[in-house]
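Trainee: I have a new model open and want to learn how to read it. Where do we start?

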Amino acid sequence: MTSYLRGWLSAGISSISPPPQTTTEDGNNPDVPALTRESPPPDEDDEGSATETERDREDDDDSPPAFPSLNSAQRVQQKPSAASNPLPKVLTDTQLMPPPPIPSNRLLNPIRAGPGSLAVPPTTTKRPSKKREKVALAPGHSPMDWANLKASGKDLRGIPTLMRVSPSMLKQHNTRDDAWTAINAKVYNITPYIEFHPGGEKELMRVAGRDGTRLFALTHAWVNADMMLDACLVGFLVAEPSS
């Protein structure tokens, strides 16, 4: 049975033969379409122009364009010196910031502060010739105790309102129990501060009843009298009234 089937299959396959193929004179099969590639005719205007490869190389140039353009009006009007030296000019310190003007004589010699003046209070730039001597303060009279006394709200002025004080009125308050002094045109009641003064009672009583601005500046100009005696301010020093 197996041999029969094999013979029958082989006979059927051999009986089927492929159709004859015909060829043309150039050897091509007429049944298969031929593909031809034709290039476009050259343009008369493109004679001598760059090839496609050269144009691709020009397109790949990543260098930035010239600014301003080479044929622009800015380059035509540009000075030859600037074109030959493109680097920016480096300015010196004197050109960037000129030196300050020389101060006038008025600034070198400031006006001294007088009664009711807004001028800068006099100060000293050198150490006092006489050595300052401090005294031993009684217990409870340290600078911290004085600050606590001012913050307690106790009346240290002795007057209800501020007043205008003339030199003659200031001269009347020159005792240990009633001592006033003027510093930078401000009048203070220094009576409660006598026991707290680090220089002692004797030194502080030197300015009682008079203007102590000069002596205060010569002794300790670095001390802020306004902050130290703000609670003792009684008024402002004014000139004597005209009769």
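Predicted model: local features only at pLDDT ≥ 70, side-chain atom pairs only at ≥ 80, totals over all residues.

Trainee: Where does S166 lie?

Mentor: In the loop between β1 and α8 (167-171). Its side chain also makes a polar contact of 3.1 Å with the side chain of S168.

Trainee: Now the sheet. How do strands pair in general?

Mentor: Through backbone hydrogen bonds, either parallel or antiparallel. Here four strands form an open sheet with mixed pairing. The order is β1-β4-β3-β2.

Trainee: Which strands stand at the edges?

Mentor: β1 (163-165) and β2 (180-183). Each has a single partner strand, so one side of each is left without a neighbour in the sheet. From one strand to the next, the twist averages 40°.

Trainee: In what sense do β1 and β4 pair?

Mentor: Parallel, over three bridges, with β4 spanning residues 233-237. Take the residue pairs. R164 has F236 as its bridge partner in β4. V165 has L237.

Trainee: And how do β3 and β4 run?

Mentor: Antiparallel, joined by three bridges. In β4, G235 stands opposite V187. β4 is also mostly covered, with four of its five residues buried.

Trainee: What do β2 and β3 form?

Mentor: A hairpin, with two residues between the strands. N184 sits in the turn and has a positive phi of about 55°. The two strands pair in the antiparallel sense over four bridges, and β3 covers residues 186-189.

Trainee: How do side chains sit along a regular strand?

Mentor: They alternate between the two faces of the sheet. See β2: W180 and A182 point one way, T181 and I183 the other. All of these are buried.

Trainee: Why does L91 count as partly exposed?

Mentor: Check the cut-offs. Exposed is over 50%, buried is under 20%, and partly exposed lies in between. L91 has 43% relative accessibility, so L91 counts as partly exposed.

Technical notes
Residues numbered from 1 in each chain as written. Heavy atoms only, no water. Buried < 20%, exposed > 50% of the residue type's maximum accessible area, 1.4 Å probe, protein only. Pairing = 2+ DSSP bridges. Axes fitted to C-alpha atoms, helices over the stretch in contact; angles between N-to-C directions. Polar contact = N/O pair within 3.5 Å; in protein donor to acceptor, adjacent residues only side chain to side chain.
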